[in-house]
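Subject: Structure for you to look at

Hi,

Here is the structure I promised to pass on. Have a look at it first, then read my notes below.

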Amino acid sequence: MDELRLRAKELLENHDVQLVIGFENGTGNRTRPAFIDKPQDVGKLIFDSRCVQNIALYLTKPEIKRKGKPAIVAPLPVLRTIIQLASEQQIKDGDIEVIGISPESKLMKFASLAEIEKYLEDYKLRVGEKEMETLTKLRNMTGEERFKYWIDQLSPCFKCYACRQACPMCYCPRCTVEQNQPQWIPVPSHEIGNLEWHIMRAMHLAGRCTDCAACANACPLGIPLNYLTKHLIEDIESNFGNGSASPQLKQGNILSVFKPEDKDNFIL
Amino acid sequence: MSDFEPKIVAFVCNWCTYAGADLTGTSRIKYATNVKIIRFPCTGRIDFMLLLKAFGEGADGIIISGCHPNDCHYTSGNFHARRRWILFRGLMNFIGIDINRIQFSWVSAAEGAKWADVVNNTVTKIRELGPYTEYQKVANYLAKEVKHG
């Protein structure tokens, strides 16, 4: 942790960056994002297993961009998100300074985005074994059971859109749910609106989701909504080849590229 | 329910299937009248939300049809659409929406007879599956609402 603070201090003192985005102690036993712009404040910075929020979220915010060049404390999920954001032209080399943190809590330095991508090759995006079990269990249900399961799971949702706000990939300045001509998603907290909202969210994240689970962590009702995106990640892997769900700088979004030999056994 | 007439919405592309359906008519081939055709510039334009809306508004089945691969007026619209359908179909199935009610097809402007076949087969299939009450019940939230005062 001292190493992290030293590095942040060094960056701020040398004016390499104007802002360090990291974590600090919040209320209770929780952590919250910290935005540090003075070298004397680096003592606030912490990093431990409680820091699960995906702070890459702030990289695309105009109010953060206005502050100048940021440095970001980046554990694995944040690194993946950075690469995905870069592949979508949201950040480019030199826009940010990355203070990488390895799974063994070691500090890492990256000179370029390509270096991060190279590092991530050893950490391909995969659905974990335990989560895969739940996925398989859901997939083995009959269609009616699954429909009932999801309607039940999604029914408490009152569309606070915390999942969207917490998601670093949901950076559109205007979201489809806010459009009312036509009204794509019905406003009342009712099954159909909830269903449509969650399908839309998952589909708009197809091939872009880095499975950081920020959405599920943010949900005040504990809806396992990241299983929709987990399913998509698994589906992409099995349909479009190994490793295609992992963020890559050059590949482009999985839905914005195609192969002539994509499967079409379901098309008459 | 022998008097059940399925409502089917067809999302078709302007350049191939719409022209193909036109050819079915000019060739005087008879086919089921259950289908309501909506014309799109390209299959790539067919937003998945529109399918959900169709089911929500009471459609029992959906046909999505466009140009054969390599025939797209915009070169690659149908390839992009196909990728999206692969994932969308998977997601629908995962959520438990009946994907047997969504029929995808490639129908070119010269395949008037194929269009008639696609429609007739889909109508037969949906007739067997019956009305999609499972989804319609969920979608019809105004009917359920209890009004006070």
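**Domains of chain A**

In chain A, 11 residues of domain 1 are in contact with nine residues of domain 2. The domain 1 side of this contact has four nonpolar, six polar and one charged residues. Domain 1 of chain A covers 2-120, and domain 2 covers 129-240. Their centres, taken over C-alpha atoms, are 27 Å apart. Keep in mind that this is a predicted model.

**Two helices in chain A**

Next, look at α3(A), residues 76-87, and α4(A), residues 113-120. They pack at an angle of about 125 degrees. Their axes are 10 Å apart. Angles of 65 to 115 degrees count as roughly perpendicular and those over 145 as roughly antiparallel, so α3(A) and α4(A) are oblique to each other. The crossing of α3(A) past α4(A) is left-handed.

Which residues meet here? From α3(A) come Leu79(A), Arg80(A), Ile82(A), Ile83(A) and Ala86(A). From α4(A) come Leu113(A), Ile116(A), Glu117(A) and Leu120(A). By class, this contact has seven nonpolar, no polar and two charged residues.

**Where the chains touch**

Now bring in chain B. The contact takes 31 residues from chain B and 34 from chain A. Which elements of chain B give two or more residues to its side? They are α2 (48-56), α3 (77-95), β4 (102-106) and α5 (133-139). α3(B) gives the most, with 13 residues. The chain B side divides into 18 nonpolar, seven polar and six charged residues.

Best wishes

Notes:
Residues are numbered from 1 along each chain as its sequence is written. Chains are lettered from A and ligands numbered from 1 in the order in which they are written. This is a predicted model: local features need pLDDT of at least 70, side-chain atom pairs count only at pLDDT 80 or more; totals for chains, interfaces and linings use all residues. Axes are lines fitted to C-alpha atoms, for helices over the stretch in contact, and angles run from 0 to 180 degrees between N-to-C directions. Helices (H or I, at least four residues) and strands (E, at least two) are DSSP runs, numbered from the N terminus. Angles under 35 degrees count as roughly parallel, over 145 as roughly antiparallel, 65 to 115 as roughly perpendicular and the rest as oblique. A crossing is left-handed if the near helix is turned anticlockwise from the far one by less than a right angle, and right-handed if clockwise. Two residues are in contact if their C-beta atoms, placed from the backbone, lie within 7 Å. Ala, Val, Leu, Ile, Met, Phe, Trp, Tyr, Cys and Pro count as nonpolar, Asp, Glu, Lys and Arg as charged, and the others, Gly among them, as polar. Domain bounds come from an automatic or database domain assignment.
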